[in-house]
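This briefing goes through selected local features of one chain. The sequence and the structure come first, followed by the notes.

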Amino acid sequence: MKNYIEDTYKQVRLQEGQRVIEQFLLACYFHPGLPTKELARKLLLPIPVATAIKKELIKAGAIQQGSGVRCTAEGEAFIEQKLGFGGLDRELYEKLMKDDEAWKTELVDLKTEMETIFAGRPQVDVQIDQSKCTVETSLRRAILCLRYQSLVGKKILCVGDDDLVSISLGLLLKRLFPGNQQRPEQIDVVDIDERFLQYITDVSKQKALTVACHQADLRQPLPKKLQGGYDCFFTDPPYTLQGMALFLSRGISGLQKQKGLSIFLSFAHKSPDFTLNMQREFVLAGLTVREVLSHFNEYEAAQMIGNKGQMIVLTTTEMTAQTIKHSFLESLYTGEETPSKREYQCKRCKRSIQVGAQAKIVTIEQLKKRGCPRCKHQSFELLSRRRAQD
């Protein structure tokens with residue numbers, strides 16, 4: 001079968017990249033009969049560019065003109081067989097694509113299933129800046145991936161995944177394609193935490209999801225087998241500038257060398273000066289900002305960021321490249337950058353306990369697990385917090 005996208009791109013070298021040809025073809029498939037001007041508006045394309053794409057796809061035999069633009073039988077077969085849309089629950093797909101809130105009524109059963117899975121997650125390790133996002137957040141990330149046409153038929157990389165986005169992506173795909181046919185998607189997770197990797201692996205086997213896990217320290221380059229093949233990636237990196245730059249760079253190394261690919265970056269809301277430095281990192285990496293969704297992410301017990309975070313959707317360009325190619329030796333996590341000493345008080349016996357990088361107990365999670373050294377109670381109140389050097 002012809003690859004209409006690659007063949008058309010060879011004939012019409014678009015500044016927008018070949019992804020826009022795929023989007024044009026999908027628009028003709030899901031909305032047959034649209035005029036060229038409406039297709040151009042829908043895809044944010046200049047009309048001459050949309051017209052050039054249309055002419056080449058007609059010449060190739062993928063679409064036809066007549067009462068608007070629509071796919072031929074060959075074009076439909078290409079979309080269903082090669083792009084992976086065969087067997088789609090089209091009604092559900094179109095509801096999720098059109099309505100931001102549709103998932104609340106259409107995916108109630110999926111949300112309930114995910115709540116059970118999320119309840120069994122390992123305890124977060126705050127030393128590596130882990131925090132638990134809510135079920136709703138993880139599901140909304142998967143739907144965002146769908147709406148950016150980066151899910152169906154795609155290879156997806158999760159650069160760190162204590163939020164179980166990989167599970168949400170896999171379950172959403174199963175819901176969209178209720179048949180038991182073999183799916184072309186590939187979802188890979190790379191993380192340093194073997195606890196989460198094992199949990200994701202166990203859930204994936206139980207739910208028959210196409211998710212594979214790979215243990216790696218992102219201070220080192222990605223394993224060769226994970227480089228250069230993905231269509232998009234998700235990351236929720238440490239909330240330091242260097243942490244963001246490192247995770248972003250490792251994710252870029254996993255992408256195909258192609259314009260128009262999506263990157264889903266979750267990050268804390270920061271000051272204007274910090275945000276300016278973030279944007280400089282985007283420019284250095286050759287990325288453009290497609291969309292910023294404030295308060296998109298919600299987290300459990302993440303008071304330091306107000307339990308909320310933003311989703312930044314980035315897009316690759318001709319200039320996209322890693323900014324960190326070799327081993328990373330600088331401080332990475334929040335605790336390494338601004339180490340602090342905290343004093344907690346046991347709510348039962350009132351004993352004070354020091355917690356911090358230079359103390360015997362490093363985190364409050366460790367303290368709760370061990371219990372109070374005097375009475376073994378596991379509930380504490382924060383009395384004071386100060387930088388370690390103070």
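**Loop residues with positive phi**

L44 sits in the loop that joins α3 (36–42) to α4. The model is predicted.

- The phi angle of L44 is near 60°, a positive value in a residue that is not glycine.
- L44 counts as exposed because its relative accessibility is 69%, and the cut-off for exposed is over 50%.
- A208 also belongs to a loop, the one between α11 (194–207) and β6 (211–215).
- A208 is not a glycine either, and its phi is positive, at about 60°.
- With 59% relative accessibility, A208 counts as exposed.

**Packing of α2 against α4**

- Helix α2 (residues 19–30) packs on helix α4 (residues 47–60) at an angle of about 70°, and the two axes are 11 Å apart.
- Angles of 65 to 115 degrees count as roughly perpendicular, so α2 and α4 are roughly perpendicular to each other.
- On the α2 side the contact is made by V20, I21, F24 and L25, and on the α4 side by A50, I53, K54 and L57.
- By class, the residues in this contact are seven nonpolar, one charged and no polar.

**Nonpolar cores**

- The largest nonpolar core contains 80 residues, and L25, L169, L172 and L176 have the most contacts inside it.
- Helix α2 gives the most to this core, with nine residues.
- Beyond its neighbours within four places in sequence, L25 is in contact with Y4, I5, L57, A62, I63, C71, F78 and I79.
- Another core, of 34 residues, lies apart from the largest one; C133, L157, L226 and I324 are among its members.

**Helix α12**

- Which residues make up helix α12, and how many of them are buried?
- Helix α12 covers residues 241–254, and 14 of its 14 residues are buried, so that the helix is mostly covered.
- The 14 residues of α12 should span 20 Å at 1.5 Å a residue, and this agrees with its end C-alpha atoms, which are 20 Å apart.

- F30 is placed in helix α2.
- The relative accessibility of F30 is 9%, so F30 counts as buried, the cut-off being under 20%.
- Setting aside residues up to four places away in sequence, F30 touches F85, L88, R90, Y93 and E94.

- D163 is found in the loop between β4 (155–159) and α10 (165–176).
- Is D163 buried or exposed? D163 has a relative accessible area of 3% and is therefore buried.
- Residues up to four places away in sequence not counted, D163 touches F118, R121, S131, K132, C133, S138, R141, D236 and Y299.
- A268 is in the loop between β8 (262–267) and α13 (272–284).
- A268 counts as buried because its relative accessibility is 1%.
- A268 and L293 are 25 residues apart along the chain, and their C-alpha atoms are separated by 11 Å.

Notes. Residues are numbered from 1 along each chain as its sequence is written. This is a predicted model: local features need pLDDT of at least 70, side-chain atom pairs count only at pLDDT 80 or more; totals for chains, interfaces and linings use all residues. Side-chain values use heavy atoms; hydrogens and water are left out. Axes are lines fitted to C-alpha atoms, for helices over the stretch in contact, and angles run from 0 to 180 degrees between N-to-C directions. Helices (H or I, at least four residues) and strands (E, at least two) are DSSP runs, numbered from the N terminus. Angles under 35 degrees count as roughly parallel, over 145 as roughly antiparallel, 65 to 115 as roughly perpendicular and the rest as oblique. Contact means heavy atoms within 4.5 Å. Ala, Val, Leu, Ile, Met, Phe, Trp, Tyr, Cys and Pro count as nonpolar, Asp, Glu, Lys and Arg as charged, and the others, Gly among them, as polar. The expected span of a helix is 1.5 Å times one less than its number of residues. Buried means under 20% relative accessible area, exposed over 50%, partly exposed in between (1.4 Å probe, protein chains only). A nonpolar core is a set of buried Ala, Val, Leu, Ile, Met, Phe, Trp, Tyr and Cys residues joined through side-chain atoms within 4.5 Å.
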